[in-house]
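Dear colleague,

Please find below the structure that I am handing over to you.

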Amino acid sequence: MTEIEPNEPAVPEEISSIFDVRSIEEIYSEIRDLYLSDHRPWIVGYSGGKDSTTVVQLIWNALKSLTPEQRTKQVYVISSDTLVETPVIIDTINGNLDLINKAAQEQGLPIQAVKLYPKIENSFWVLLIGKGYPTPSKSFRWCTDRLKIKTSDTFILDKVSEHGEVVLVLGVRKSESSARAQLMNLYKIKGSLLSRHSKFAQSFVYTPIEDFSKDDVWTYLLQNPNPWSGSNRDLLALYKSADSGECPLVVDEYSPPCGNSRFGCWVCTVVTKDKAIMGLIDSGEEWLEPLLKYRDMLAETQDKDKKPIFRDYKRMNGKIKYKKDGSGELIRGPYKSEYCKQFLKELLETQREIQKIGPNPNLQLILPEELHEIRRIWRQEKGDWEDSVPKIYREVMGTDLDWVQDDLEMFSSDEGNLLEAICRKHDVPVQLVAKLLDVERQVQGMKRRAAVYSRIEDVLGEEWRTEEEITKR
């Protein structure tokens, strides 16, 4: 079946079809025996791609032949939504999750699909636009941990605390790469179908399609109807519409970036080009072009020569740090505030544009909750006395959100201008005084004010020389 996916790497010739060695009924029997062997619930990683769909379908069909009395153990099908998934893909995944829950209830199966989200304070836009995190790169891939690993880890640990131990079922295959095969063999438990989890002692891993080739996966999907009324033919069509690759459930830092995959984040800058969106656009989804344009804009900020333009010379802790190669070159910090504001404005403009030209007039690229959190960060941590978020939102969207009124009176833009004039007159950094005033405001009304001294010390301990002064020195 190599002709199905001409863009995917060919399976090595030495790997024969799994179905030449084992029948599908033998695979079902293995799944049933493992399911009945203990009371540990299963957590199945589901990305909506071919491998994870195969795993869920195998488990589904295996459990159907059990009696209702035997189906006592819960199977959770979890899917992580980073809130920056490609819209076409996330719509497909959401539709399948709904179908899984509906069909499982109708067929009396103990299967429950669960959607996982990162905490708002860890969302992509809150960290990039709110905190000023630079776009993810190969050397600083903060998105994987914040958006995916912590999200799935929280769910796994919750179930561990509830049941004592769990089994994590993943759609990974040894034929994907030699590194993947080595990693899978490293944690394998001798004489067992299970492997040890790389982090959690109370979690075990089961990989039912580890010996499948790519062709085996498609053979199974196309010869066995989808049991929750999804369409495996539509899944194949989706694979044909973009370059190869799928984003698995990410459970550790060794998982590959998903920007090259059709099931990855549309803002991924870890890869050079976003082949996923480019493929979807080429296949007729032209309304995604504004997303690609915005993503490419973010990617340009990683250019070495442009970093001094976009990023602060100080780190997030207010200190400066040099490269260890003796060059005296500064390691740049977060995005400058003016560019964070620009990113927010252009993101909202992109959202407004795709609401007009896309199939969903209510599609949101950034949630109201994220906008509220960004506003809080800018006001309390970045000294944004102008209260820029509501202004930018009103300017672009032509409407307002239900903005929260701060209980503590925030400084106004007029007061900011006055402070700037006074600081300029006395040659004092305006941000230094602004931060000290914000510290005082935050402890206002407290009975115990001891913490104010350590906060003041932290502010005074930051680097307050200009970049020019530091460079000259």
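The model is a predicted one, in which local features need pLDDT of at least 70, side-chain atom pairs count only at pLDDT 80 or more, and totals for chains, interfaces and linings use all residues. Residues are numbered from 1 along each chain as its sequence is written, and side-chain values use heavy atoms, with hydrogens and water left out.

The chain as a whole

Of its 473 residues, 50% count as buried, where buried means under 20% relative accessible area, exposed over 50% and partly exposed in between, with a 1.4 Å probe and protein chains only. The accessible surface comes to about 23,500 Å², and 49% of this belongs to carbon and sulfur atoms; areas are from the Shrake-Rupley method with a 1.4 Å probe, and for residues only the protein chains shown count as cover. Among contacts (heavy atoms within 4.5 Å) between residues at least 6 apart in sequence, 70% join residues at least 24 apart.

The sheet

The six strands form an open sheet with mixed pairing, in the order β3-β2-β1-β4-β6-β5. Two strands are taken to pair if DSSP finds at least two bridges between them. At the edges are β3 (111-116) and β5 (194-196), each of which pairs on one side only. Neighbouring strands are turned by 30° against each other on average, direction ignored; axes here are lines fitted to C-alpha atoms, for helices over the stretch in contact, and angles run from 0 to 180 degrees between N-to-C directions.

Both senses of pairing can be located. β1 and β2 pair in the parallel sense over four bridges, and I43 has Y76 of β2 as its bridge partner. β5 pairs with β6 (residues 203-206) in the antiparallel sense over three bridges, with L194 opposite Y206. In β1, W42 and V44 point one way while I43 and G45 point the other way, and all are buried.

Helix α2 (residues 50-64) lies across β1 (42-45), β2 (75-80), β3 and β4 (166-169), running at about 145° to β1. Helix α5 (residues 142-163) lies across β1, β2, β3, β4 and β6, at about 160° to β2.

Helix α3

A104 is buried, with a relative accessible area of 1%. Leaving aside neighbours within four places in sequence, A104 is in contact with W60, L109 and I111. A104 and W60 are 44 residues apart in sequence and 8.7 Å apart in space, C-alpha to C-alpha. After α3 comes G108, whose phi is positive, near 70°.

The nonpolar cores

A nonpolar core is a set of buried Ala, Val, Leu, Ile, Met, Phe, Trp, Tyr and Cys residues joined through side-chain atoms within 4.5 Å. The largest has 92 residues, and W42, W125, I129, W266 and F343 have the most contacts inside it. A second, separate core of 14 residues includes I43, I78, V114 and F200. Beyond its neighbours within four places in sequence, W125 is in contact with residues including V84, W266, Y294, L347 and E370.

Single residues in loops

L83 lies in the loop between β2 and α3 and has a positive phi of about 75° although it is not a glycine. L83 is buried, with a relative accessible area of 19%. D427, in the loop between α15 (413-425) and α16 (430-442), also is not a glycine and has a positive phi of about 55°. D427 counts as exposed, at 70% relative accessibility. N122 is found in the loop between β3 and α4 (124-131) and counts as buried at 15% relative accessibility. Not counting residues up to four places away in sequence, N122 touches L127, R146 and L147.

With kind regards

Definitions and conventions. Helix = DSSP H or I, 4+ residues; strand = E, 2+ residues; numbered from the N terminus.
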